Amino acid sequence: MKGTVGELGEFGLIRELTARLTTTPAVKIGPGDDAAVIAAPDRRVVATTDVLIEGRHFRRDWSTAYDVGRKAAAQNLADIAAMGAVPTAVLLGLVVPADLRATWPVELMDGIRDECQVAGAAVVGGDVVRGDTITVAVTALGDLRNRDAITRSGAHAGDKIAVTGWLGWSAAGLAVLSRGFRSPRAFVEAHRRPEPPYHAGPAAAELGATAMTDVSDGLVADLGHIAAASGVDIDLRSADIDVPAQMSDIGQAVGVDPMHWVLTGGEDHAIVAAFPPDVKLPARWRVIGSVAAPAGRTPQVTVDGAAWDKAGGWDHFGDDPADGARA
């Protein structure tokens, strides 16, 4: 596609974007009207939204538009799954400069569409406006299918903590990119295009999970939300948390303990949940810790019985990372 967004025009760009979309049976009215209509058999709709800003959350010299689209959709769809729901639909709000090549938003939409297909959802609408900085805002919707939502507040003393998906891969990939390298490729790709285990959220609900979240800000930080909401302590066992040999090699090369990435690196969107102790978990789940009553103080997350006192975990209003971009 030749030309810029400005040359294509708002409605020309919208036509190009919507022409690339697919649908699902849940979509009753898709793009092209004042609003979309999505079937909600459960009569409850799970909803979440995230915003990505160029330079803050992604860099075009590190990630293609397609990569950004996959990641933007994934981080929202993972939130839906972490509630125990099945993703159904995505809405896109896009801000782009007029001089941006028209291929960029088109490839972004391809990425969002393809990630939605992985999760079983569809893009059903959105808005495009002109602005100085590329901003991608995604809203995702989901259906609980007659199950209770799995929140952060239901963990009980005696529960076990288990995780499924990758931990620390995106953070290791970011470390590689920030030093000017593009390999090991598996870790770089994990940073560019996370692969949340969407199926695991609804499956965990069926298994009887008492609390659940996706690992977007770091394992310790996100379990800290469960500890605070549930009024419990959580202790992680480092020996039970997998650190791939290649991640250890990267850590040695850049002078970082890879366990730091595993415990504090976000954006892999693994699913971590608390389960009653007698629940038998499928092999995809790794038990990595336990839940206990707080010892007369603020609930906390510990590692091998000790407080985790090293910096880590994402805070949008904290200090910027050294590389200048989270994604």
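Predicted model: local features only at pLDDT ≥ 70, side-chain atom pairs only at ≥ 80, totals over all residues.
Student: Where do I begin with the sheets?

Tutor: Begin with how strands pair. Strands of a sheet do so through backbone hydrogen bonds, either parallel or antiparallel. Now take one case here. Four strands make an open sheet, ordered β3-β6-β4-β5, with mixed pairing.

Student: Which strands are the edge strands of this sheet?

Tutor: They are β3 (46-53) and β5 (122-130). Each of them pairs on one side only. On average, neighbouring strands of the sheet are turned by 15° against each other, direction ignored.

Student: In which sense do β4 and β6 pair, and over how many bridges?

Tutor: The sense is antiparallel, and there are nine bridges between β4 (residues 86-96) and β6 (residues 135-143).

Student: What about the side chains of a strand?

Tutor: In a regular strand, side chains alternate between the two faces of the sheet.

Student: Let me try β9. Which strands does β9 pair with, and in which sense?

Tutor: Strand β9 (residues 233-236) pairs with β11 (residues 286-292) in the antiparallel sense, over four bridges. There, Asp-233 has Ala-292 as its bridge partner. β9 also pairs with β12 (residues 301-303), in the parallel sense and over three bridges. In that pairing Leu-236 stands opposite Val-303.

Student: How many bridges join β7 to β11?

Tutor: Four bridges do, and β7 (residues 160-164) runs antiparallel to β11. Lys-160 stands opposite Ser-290 in β11.

Student: Now a loop residue. Where is Leu-281 found?

Tutor: Look in the loop between β10 (271-275) and β11.

Student: Is Leu-281 buried or exposed?

Tutor: Compare its relative accessibility with the cut-off. Buried means under 20%. Leu-281 has 17%, so it counts as buried.

Student: What does Leu-281 touch, leaving out residues up to four places away in sequence?

Tutor: Leu-281 touches Lys-160, Ala-162, Leu-207, Phe-275 and Val-287. Leu-281 and Ala-162 are 119 residues apart along the chain, yet their C-alpha atoms are separated by 8.7 Å.

Student: And Ala-253: is it buried or exposed?

Tutor: Ala-253 lies in helix α9. The cut-off for exposed is over 50%. At 68% relative accessibility, Ala-253 therefore counts as exposed. For another pair of distances, take His-191. Ala-253 and His-191 are 62 residues apart in sequence and 18 Å apart in space, C-alpha to C-alpha.

Student: How do I read burial along a whole helix?

Tutor: Go through the residues in turn, then ask what covers the buried ones. Helix α5 (residues 169-178) is mostly covered, with nine of its 10 residues buried. Among them are Trp-169, Leu-174, Val-176 and Leu-177. The cover includes α6 (185-192), α9 (245-254) and α10 (258-264). After α5 comes Gly-180, with a positive phi near 85°.

Student: Which residues of α2 are buried?

Tutor: In helix α2 (residues 10-18), they are Gly-12, Leu-13 and Leu-17. Look down the axis of α2. These buried residues fall within an arc of 135°, so they line one face of the helix.

Student: What does the face of α2 turned away from the buried side carry?

Tutor: That face carries the exposed residues Phe-11 and Arg-15. On the buried side, what covers α2 includes α1 (5-8), α4 (103-119) and β5.

Student: Last, a pocket. What volume does the second largest pocket have?

Tutor: Its volume is about 360 Å³. Then ask about the lining. The second largest pocket is lined by 21 residues. Nearest its centre lie Ile-14, Thr-18, Pro-31, Gly-125 and Gly-126. The elements giving two or more residues to this lining are α2, β4 and β5.

Student: Which element gives the most to that lining?

Tutor: β5 does, with six residues.

Key. Residues numbered from 1 in each chain as written. Heavy atoms only, no water. Pairing = 2+ DSSP bridges. Axes fitted to C-alpha atoms, helices over the stretch in contact; angles between N-to-C directions. Buried < 20%, exposed > 50% of the residue type's maximum accessible area, 1.4 Å probe, protein only. Contact = heavy atoms within 4.5 Å. Arc of directions from axis to C-beta. 1 Å grid on protein atoms, 1.4 Å probe; cavity = no way out; pocket = protein on both sides within 12 Å on 5 of 7 lines; lining within 4 Å. Points joined across faces, edges and corners; volume = space filled by probe spheres on them.
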